[in-house]
Amino acid sequence: MKYDAGEYDVAVIGAGHAGCEAALASSRLGMKTLLFSISLECIANMPCNPHIGGTSKGHLVREIDALGGEMGKNIDKTMIQIRMLNTSKGPAVHSLRAQADRKKYQMEMKHTLEKQDNLFLKQAEIVDITIEDGKVETIETNLGAIYHVKTIIVATGTYLKGKIFIGENSYESGPDGVSAAKPLSDCLKSLGIELQRFKTGTPARINRRSIDFSKMEIQEGENDIVPFSFEDKTREFEQIPCWLTYTNEKTHEIIRANLHRSPLYAGLIEGTGPRYCPSIEDKVVRFADKERHQIFVEPVGIDTEEMYIQGMSSSLPEDVQIAMYRTLPGLENCEFTRPAYAIEYDAIEPSQLKSSLELKNISGLFFAGQINGTSGYEEAACQGLIAGINAVQKIKGKDPLILDRSDAYIGVLIDDIVTKSTAEPYRMMTSRAEYRLLLRQDNADLRLTEIGHNIGLISDERYERFLVKKKQIDEEIERLRTTNIKPTDKNNKFLVEHGTSTITAGTKIADLLKRTELTYEMLREIDINRPELDKQVIEEVEVMIKYEGYIEMQKKQVEGFKKLEKRLLPEDIDYSKIKGIRLEARQKLNKFKPYSVGQASRISGVSPADISVLLIYLEQKKKAKKG
Amino acid sequence: MSTIVAISTAPGIGGIGIIRMSGEDCFLVLDKIFKQKHNQKIEDIKGYTIKYGNIINNDEIIDEVLVSYFKAPNSYTVENMCEINSHGGIVIMNKILDLCLANGAELAEPGEFTKRAFLNGRIDLSQAEAVIDIINSKTDKEAKISIDQLKGNLSEKIEIIRRKIISIMADIEATIDYPEYDLEEVTNANILKILDEVDILLNELEKSFYNGKILREGISTAIIGRPNAGKSSLLNVILNEERAIVTDIEGTTRDSIEEFISVDGVPLKIIDTAGIRNANDEVEKIGVKKAKEIAEKSDIIIAIFDISRELNSEDEEIMELLNNKNAIILLNKIDLNKKADVSKLEKIEKPIIEISTKTKEGIDKLYEEISKMFKLKEIANDGELIVSNARHKNIIINSRKNLEKARDTIREGMPIDIISTYLKEIIEELGKITGETVTEDVIAEIFSKFCLGK
């Protein structure tokens, strides 16, 4: 029996990292929001690595936070280890990485959802979506409840027709024993949405008590690290270490001897796996001459003995897995709690999406997270946030929030997936960002808080605090640029002691700070009237002065980039009618329907000459309208 | 909008040409290379006026020119514009173009002046389609040229260079994106080593723009022969023909050491014309020693022998100079009785042409032979080639500038992410020749080189 379950503004399908952000954003913006999950036990689950952040992903978390998302705050509350990576490699690539207490992370997020006004958390499987006049109309659960909604955000992760492979065994399932979602996949197909099959995998979990850590290298956390959220203060807590061990020739022998039992090599898996996330058998086959591979042993939480074995994902049969894991130093007597597996799932072809993450052909239907062909919790979360915001903007009749490639890593990610049809799951990387000297993790708040405030997810109070910080940064930079250090014996002695050349005339502190030998902290000695400032303010000031020339250079590049980015393209252009654009480019443009001339220029198969013709066409139209 | 520049007149035969520049800052660029006779400030110069002066490179005078000024919005493109009327021919025009590029202008894309005219509202709707046709037809040509070049050495060499940088960049990026892994850290010494290798290759490439060089500078041609063999007569015959590139305009003094003639649209630079002209004085007596010097400087030697006399030892020394050089042997004075034994000349295995500087017989064959030797018709058959070469040269030069900046950042002790930024610029710049993008290439390289991931 079906029944009418009422009217809502926004329905979010799936309560993973994307779904949680989407539902929180929309409910916080005042929309009556539904959040569905097949099992409420798997809210904000981390079915793979129990960690948040790392290179470029740490950037994403900070951007999410600056826009008013939840991930940063949630990990700050539940982390059991934190480190700043890449500190020696330059300011643009410093990256925060934290080990999460996986269960606590989930419980914390679940509780946040439950406490949120306007948010209605429901355990149910969505089996149907109906469309009327090209717009979403209703959503139906497996128990026949029919909800009338204005917008829908699909954030189903790897659950759509999920299929797990362990050796010769395979069965339909989502991660962690939660059932897969099958009818919804068929429903999307019937709506004309193009799907593709992707594959990923995860390693085994092992009981800590069966591991001999004396044979492994320890990796400790670091103290005094700034947290992810710009709102949180650095906190002291007991940091749980990770461990490092290596595979060896014996491990590789076992793998090679059993390759025929791998579903991937036996041809059973049809999905495309990512290059950056290879199974251990992939590594051994592709890098045959490498004698050993690094394996990281990470705690899954405080109230559990389970350990995650990073680097050993596999779809080999369980008996082979146990044998090969036991060849590793420290894992000789290891006891599996859960085996490694490969999982295949349906994802949509993301070029069907607009940059707002709304489907081009169906009004009000948004997609976010792994279903868009990305991988990673952070990648999912940021899409959820953007989809949540834009679902609300849509209902309010406002323009969508579209961050461009010079605004944020989030902008790079979304632009990449909607303009390039990726053949494998998409992972964020710092090398994908053209303007990464500007898109640092330390300045995410300077880049995005204003936007978050305008949208309505950043409170006035937080915004005020942000303005104070911004003012402090500006004033301190100004002070350093205008304050002279005199060439006294004392000052020159200081300079010599720090291995740098002396000065013969008064020199601005900012110019001294630009010297690679000197830091802001060192200069305290000769910078007498220095104000007391927050660590985050100092960090910002130092980066902005030290790398000023390089930052300016990228700002110039951005100016050029923005010119074409600002030329927006109407959605109703029929490119097939524009004479002069080559056939291939016409077809591509009609398929992708880029939102700006800049985005059009990034579509493969569209040449600079095509763009020239397009510009002329736009001008023609403009004049025709006027004339 | 940026300032764009291009040679507007068709290349090839014809001594006068126009270099056209458009853009907000075009007068700033002009100011750096144009020494106007009356030193008027740009604010004081009205639009639609013509000024006289010299194009200069630092202090060296390149050409004497007239410049037409057009001030925005009263110009073809509705931007600030100028047209440099040069009478230096293709060689000089290319020099002026290079100067504009070096001082901040960018090479115009096909149809770009017209495109700007349209975008700035200068041309009406009915003309827009014509603009599109221009862009398309020129682009087709460019595409054809670039496909030709892609098949050749250029793209192979560029690809070798790109691969080298992409490889080191992948090393850097992998350590950045996968800090937890025990990847070998990329040392500055390693990066510098690669940059040195790349610089050598880029340098070679810059030098090896053979066609471009020929078009810009002409084929260096030496006319040698023993006294009274007919060098001077030959020169006169050549220069009195229509193909001579006339540069003498009242009030100009020209260096008389070199003269240019045009063969199939490509300039032939005849060197040491002064030496040839002074045929009857002391200079000529220095004879073979002098011949040796100019032969060494030349791309081609035209060796002239008087067959109305017997060959002597001087002739034999001339013959020796022809080994391992591009050379054409002229048997002069065929209108007289033949006394020389030419079998020795035939043994040299160089093209032999019988001529008479008196009756001008055989002179055309000389041009044909030179044209064949340097494939001049191919070089000159399409004007776009010059542009496309200038573009490539510019790209190579820009790449080398970025390479120098990358070295600077290393010397300044900057961190690796900043060094990597400049490496990316180099690859991106070179990618403009081969049409490839950076990011995907680097990422593909990372995953093919390193074993990374959970």
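Which residue is the bridge partner of A:Lys163 in β19(A)? I started my notebook with that one, and I'm keeping in mind that this is a predicted model.

**Entry 1: the Lys163 pairing.** I looked up A:Lys163 and found A:Glu344 as its bridge partner in β19(A). Then I checked the strands around that pair. Strand β10 of chain A covers residues 163–166, and strand β19 of chain A covers residues 341–348. Three bridges join the two, and they run antiparallel.

**Entry 2: the sheet around it.** Next I wanted the rest of the sheet. I found four strands of chain A in an open sheet, in the order β11-β10-β19-β12, with antiparallel pairing. I noted β11 (169–172) and β12 (195–202) of chain A as the edge strands, since each pairs on one side only. I also wrote down the angle: on average, neighbouring strands here are turned by 20° against each other, ignoring direction.

**Entry 3: another sheet.** I moved on to three strands of chain A that make an open sheet in the order β3-β5-β4, again with antiparallel pairing. At its edges I found β3 (51–53) and β4 (79–85) of chain A, each pairing on one side only. From one strand to the next, the twist averages 20°. I picked out the pairing of β3(A) with strand β5 (residues 95–100) of chain A, which is antiparallel and has three bridges. To see it residue by residue, I looked at A:Gly53, which stands opposite A:Arg97 in β5(A).

**Entry 4: the nonpolar cores.** Which residues touch the most other members of the largest nonpolar core? I listed A:Val12, A:Ala22, A:Ile152, A:Ile153, A:Phe367 and A:Ala368, out of 181 residues in that core. Leaving out its neighbours within four places in sequence, I found A:Ile153 in contact with residues including A:Val10, A:Val12, A:Ala22, A:Phe366, A:Ala368 and A:Ala391. There's also a second, separate core of 43 residues, and among its members I spotted A:Phe592, A:Val606, A:Ala609 and B:Met93.

Definitions and conventions: Residues are numbered from 1 along each chain as its sequence is written. Chains are lettered from A and ligands numbered from 1 in the order in which they are written. This is a predicted model: local features need pLDDT of at least 70, side-chain atom pairs count only at pLDDT 80 or more; totals for chains, interfaces and linings use all residues. Two strands pair if DSSP finds at least two bridges between them. Axes are lines fitted to C-alpha atoms, for helices over the stretch in contact, and angles run from 0 to 180 degrees between N-to-C directions. A nonpolar core is a set of buried Ala, Val, Leu, Ile, Met, Phe, Trp, Tyr and Cys residues joined through C-beta atoms within 7 Å. A residue is buried if 20 or more other C-beta atoms lie within 10 Å of its own, exposed if 12 or fewer, and partly exposed in between; C-beta atoms are placed from the backbone. Two residues are in contact if their C-beta atoms, placed from the backbone, lie within 7 Å.
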